[in-house]
Amino acid sequence: MSALKDKHIILGISGGIAAYKSVSLLRLLRKAGAEVQVVITPHGKEFITPVTLSSLSGNPVVSEFFTANTGEWHSHVDLGLWADAMVIAPATASTIAKMANGVADNMLITTYLSAKEKVFVAPAMDLDMFAHPSTRRNLATLRADGVEIIEPEAGELASGLVGKGRMEEPERIFDVLENYFAEGEHLKGKKILITAGPTYENIDPVRFIGNYSSGKMGFALAGRAASLGAEVVLVAGPVELPVPGSDRIRRIDVVSAAQMMAACEEHFDTADIAILCAAVADYRPAACSDHKIKREGREELTLSLVRNPDIAATLGARKRPGQVVVGFALETDHEIENARAKAARKNMDWIVLNSLRDPEAGFRKDTNKITMICAATGEAVPFPAKSKADVAADILDCIKD
Ligand code: PMT
């Protein structure tokens with residue numbers, strides 16, 4: 001039975017070409033047994049008719065503040081109280097801007113402002129609109145307000161351009177909602193420390209030793225943990241990624257392993273769980289030149305390297321009873337044995353194995369393929385390749401018990 005059965009969902013639709021996809025979302029919600037009330041903006045009705053939506057939802061569609069011929073007032077307050085969740089799909093740049101600034105000039109926004117439960121937003125717009133600083137700012141405001149943003153995909157857009165802005169597929173939006181109700185906020189009250197990305201170890205003012213980690217895996221973990229109710233401290237190496245959508249995530253930017261170590265040491269003792277996903281440089285130059293090293297007059301340059309602190313091993317050694325430490329292992333051979341040995345050496349409770357040999361796993365990819373290894377039992381559970389968001393969900397699911 002779906003976790004959405006008998007749940008009251010407000011489906012908000014604003015005026016974008018992706019409104020046609022809302023019909024599929026509505027059908028999926030109804031099929032799962034949810035009660036759906038559609039609220040549509042005046043522009044939304046230019047893309048999809050209320051007749052279709054009321055037939056499929058089994059409820060009259062709400063759009064205006066009053067029914068013109070009877071003067072009957074539609075109560076956004078009652079709708080807000082009725083709903084177990086609200087999802088706005090598609091959410092145009094204009095609707096996002098109004099939500100972020102409380103511009104209550106249509107029924108969808110007044111309903112949003114009255115909603116008491118979780119709100120999800122699936123943006124849909126052209127790539128330049130999505131990338132525009134004003135849209136980024138408005139989305140950041142919504143995230144800070146606790147709204148969960150279901151990120152759009154990159155792909156072909158209605159304009160014919162190709163880029164990020166295409167509304168996420170209805171099946172995926174449905175999954176987000178179903179997961180929300182299935183799992184509730186089971187990490188509520190937990191503090192989770194997550195490391196992500198690479199570290200850079202400076203050689204001189206213009207050069208460094210680093211690696212290819214993009215931070216995607218660690219950021220996906222932070223986003224998922226926050227949507228499950230956790231307070232997250234995300235210690236991020238030098239990466240370009242925006243903070244995943246939640247005011248429950250505190251991001252601390254660092255560059256080197258030493259800085260990452262210091263941030264982790266500061267937050268570990270108050271954390272319930274530490275997930276060490278960063279690809280930390282094992283060595284750093286013994287000395288960092290304070291001027292650019294010149295090549296003139298040198299045929300060879302020898303760098304002397306010293307070992308960096310092992311963050312996972314340091315935290316593992318000082319773990320208190322009840323605290324959970326999860327590490328990652330990026331291996332190329334004898335993968336399971338090496339990962340098990342690493343978990344034992346660093347006193348981890350779980351280790352997430354991903355292989356560099358796997359084309360769907362590892363650095364920079366949007367997917368990962370992991371094996372979860374439990375240190376206590378030695379059990380190794382392989383998972384199929386999935387998006388990093390779904391892998392993050394699997395990891396948090398495995399470690400919850
Ligand atoms: O960032 P992406 O592009 O999404 O890529 C994700 C990832 C491939 C970086 C990620 O999934 C991953 O595998 N991270 C760990 C990579 C790594 O450094 O593995 P390792 O086997 O060298 O290290 C083992 C564990 O010790 C890791 O938890 C690591 O964070 C930790 N470690 C390692 C060295 C060190 N000095 N301090 C550490 O804490």
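Strands E4 and E5 (residues 148–149) pair in the parallel sense, with two bridges between them; pairing here takes at least two bridges found by DSSP. Strands (E, at least two residues) and helices (H or I, at least four) are DSSP runs, numbered from the N terminus. Across this pair, Val 121 sits opposite Ile 149 in E5. The model is a predicted one, so local features need pLDDT of at least 70 and side-chain atom pairs count only at pLDDT 80 or more, while totals for chains, interfaces and linings use all residues. Residues are numbered from 1 along each chain as its sequence is written, and side-chain values use heavy atoms, with hydrogens and water left out.

On its other pairing, E4 joins strand E3 (residues 85–91), again in the parallel sense, over five bridges. Met 86 has Val 119 of E4 as its bridge partner, and Val 87 stands opposite Phe 120 in E4. Taken as a whole, this is an open sheet of five strands in the order E2-E1-E3-E4-E5, with parallel pairing. Strand E2 (35–40) and E5 are the edge strands, and each has a single partner, so one side of each goes without a neighbour in the sheet. Helix H1 (residues 19–31) packs on the sheet, touching strand E1 (8–13), E2 and E3, where contact means heavy atoms within 4.5 Å. The direction of H1 makes about 175 degrees with that of E1; angles run from 0 to 180 degrees between N-to-C directions, and axes are lines fitted to C-alpha atoms, for helices over the stretch in contact.

As for E4 itself (residues 118–123), six of its six residues are buried, buried being under 20% relative accessible area with a 1.4 Å probe and protein chains only. Both faces are covered, with Lys 118, Phe 120 and Ala 122 on one side and Val 119, Val 121 and Pro 123 on the other.

The other sheet described here is open too, with eight strands in the order E12-E11-E8-E13-E16-E17-E19-E20 and mixed pairing. Its edges are strand E12 (249–253) and strand E20 (380–382); each has a single partner strand, so one side of each is left without a neighbour. On average, neighbouring strands of this sheet are turned by 15 degrees against each other, direction ignored. Within it, E13 (residues 273–276) and E16 (residues 324–331) pair in the parallel sense over four bridges, and Leu 276 has Gly 327 in E16 as its bridge partner. Helix H13 (residues 388–398) lies across E13, E16, strand E17 (350–355) and strand E19 (370–374), running at about 10 degrees to E19.

H13 also meets helix H9 (residues 216–227): their axes come within 8 Å and cross at roughly 60 degrees. H9 is therefore oblique to H13, oblique being what is left once angles under 35 degrees (roughly parallel), over 145 (roughly antiparallel) and 65 to 115 (roughly perpendicular) are set aside. The residues of this contact divide into ten nonpolar, no polar and three charged; Ala, Val, Leu, Ile, Met, Phe, Trp, Tyr, Cys and Pro count as nonpolar, Asp, Glu, Lys and Arg as charged, and the others, Gly among them, as polar.

Helices H4 (residues 93–101) and H7 (residues 133–144) pack at an angle of about 50 degrees, with their axes 9 Å apart. The H4 side of the contact includes Ile 96 and Met 99, and the H7 side includes Leu 139 and Leu 142. Its residues divide into seven nonpolar, four polar and no charged.

Methods: Buried means under 20% relative accessible area, exposed over 50%, partly exposed in between (1.4 Å probe, protein chains only).
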